[in-house]
Amino acid sequence: MNMEAIQLALRDEGIPAWLFCDFHRRDHVARTLLDLPKGDWMTRRWYYLVPAEGAPVKLLHRIESDQLAALPGTVRVYRGWVELQERLREMLAPYGTIAMQYSPLNQLPSVSMADAGTVELVRSFGHEVISSGNLVQRCDSRWSAAALELHLEAGRAVDQIVRETFAKIGKSITRDGAFTEHQAQQWMAERLARHGLVSDSPPIVAANAHSGIPHYAPQAAGSSSIRAGDFVLLDVWAKCDKPGAVYYDVTWTGFAGPQPPEQIETVFAIVRQARDAAVAAVDEAMRAGQVIRGYEVDRAARSVIEAAGYGDYFVHRTGHSIGQSVHANGANMDDLETHDERPVIPGTCFSIEPGIYLPEFGVRSELDVYVEPRAARITGAVQNEIVRICIEP
């Protein structure tokens, strides 16, 4: 935990104090930011107040008063619920506004970890409760130079594996006439492990109509065969198996043959244009020193797809924050599932992955964007045309 960074973020945002609280490990945001051990034994409600200036304060149950020992600050204890409320009221008294893991109308579900009752309790003491969303992004989602290098290392390996997978599909069709989605998925997983990469779940390999299901997961039983003339989508996310590593996450599409059908080519071109419009919007804002927010990036991509008449078939956000978890806690490029008003800030990374999902097939084109102080940087290979999967006659 970097207390100096947390307090600097509070001062920069003009927020007097940040209240962390948890029960039975519900708030993964607090646990990550405070660097709490995964195997700790805490069975009672705890509170940790970090002011913009001065020493933090802990409020712990008497039978667990030695918990949070690794965190700086003074300790206060409570025994029953009446004492808990009295001590909490005293802790918060100097601060009119309190940041918590709360999001108005639950617009940022990845941040909205504080339960409604606790927010009501703090408000009952006369405090204004505001979202910690901007603070979380600043303190949890900005990468170090080492993290960026690990991301680029993972990206080089993943991009290579994507190319090799398309080639493997072509060779398997040439030899056997088909290669199942599940076989391709498992082949990719093995290659990822061989390169020292790890992931929270295996990659997506989806053919034809299955590519129109954004989170399709091929299974050993019932997996479709990929044959000549089929359309294939590969979505793979992984990170180096090293401390502090962050994810790389991309989606590519290919066609098993020399020339994809015209409709697939047309849809791919629209998706590519939407993807590039979103990247350009971020890059132009950074170069101009202007603020751009997550929902505005989503609109940049979505407007392209809507103008082409496919708006109803773009069914998810344009992109998500990327960190040590593939879906991290920074700003998402989203004005569909949520209205993410958090600014895009330097040092963060996110996916740009618009898609059009039709009953017969779906096209998604995904790349990762790392934000620099005056530019937005695509961190890996860029797909500009559908991969032609070579099948020998």
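**Setting values against definitions**

Modeller: V75 sits in strand β4 (residues 74-78). A strand here is a DSSP run of E, at least two residues long; a helix is a run of H or I, at least four long; both are numbered from the N terminus.

Biologist: What kind of model is this, and how are residues numbered?

Modeller: The model is predicted: local features need pLDDT of at least 70, side-chain atom pairs count only at pLDDT 80 or more, and totals for chains, interfaces and linings use all residues. Numbering runs from 1 along each chain as its sequence is written, and side-chain values use heavy atoms, leaving out hydrogens and water.

Biologist: Why is V75 called partly exposed?

Modeller: Buried means under 20% relative accessible area, exposed means over 50%, and partly exposed lies in between (1.4 Å probe, protein chains only). V75 has 43%, so V75 counts as partly exposed.

Biologist: What makes a residue a contact of V75?

Modeller: Contact means heavy atoms within 4.5 Å. Leaving aside neighbours within four places in sequence, K58, L60 and S65 are in contact with V75. V75 and P56 are 19 residues apart in sequence, with 9.0 Å between their C-alpha atoms.

Biologist: Why is I169 called buried?

Modeller: The relative accessible area of I169 is 0%. That is under 20%, so I169 is buried. I169 belongs to helix α6 (residues 145-176). Beyond four places in sequence, I169 is in contact with F179, A184, I226, V232 and I389.

Biologist: Why is C390 called exposed?

Modeller: C390 has a relative accessible area of 55%. The cut-off is over 50%, so C390 is exposed. C390 lies in the segment after β19 (387-388). Not counting residues up to four places away, C390 touches G170, K171 and T174.

Biologist: What makes a set of residues a nonpolar core?

Modeller: The members are buried Ala, Val, Leu, Ile, Met, Phe, Trp, Tyr and Cys residues, joined through side-chain atoms within 4.5 Å. The largest such core has 36 residues. V267, V282, V297, V344, F350, I352 and I356 have the most contacts inside this core. Two or more residues come from each of α8 (262-288), α9 (294-307), β14 (349-352) and β17 (367-372). The largest share, 12 residues, comes from α8. A second, separate core of 28 residues includes L150, I226, V232 and A256.

Biologist: Why are nonpolar side chains found together?

Modeller: In soluble globular proteins, nonpolar side chains tend to be buried together.

Biologist: What does I352 touch?

Modeller: Beyond four places in sequence, the contacts of I352 include R275, V279, V297, M333, L367 and V369.

Biologist: How do you know that the radius of gyration agrees with a compact globule?

Modeller: The radius is taken over C-alpha atoms, and the globule rule is 2.2 Å times the number of residues to the power 0.38. For 393 residues a compact globule would be near 21 Å; the chain has 24 Å, which agrees. The C-alpha atoms fill a box of roughly 80 × 40 × 35 Å along the principal axes.

Biologist: How many helices and strands are in the chain, and what percentage of residues is buried?

Modeller: The chain has nine helices and 19 strands. Buried residues make up 54% of the 393. Among contacts between residues at least 6 apart in sequence, 67% join residues at least 24 apart.
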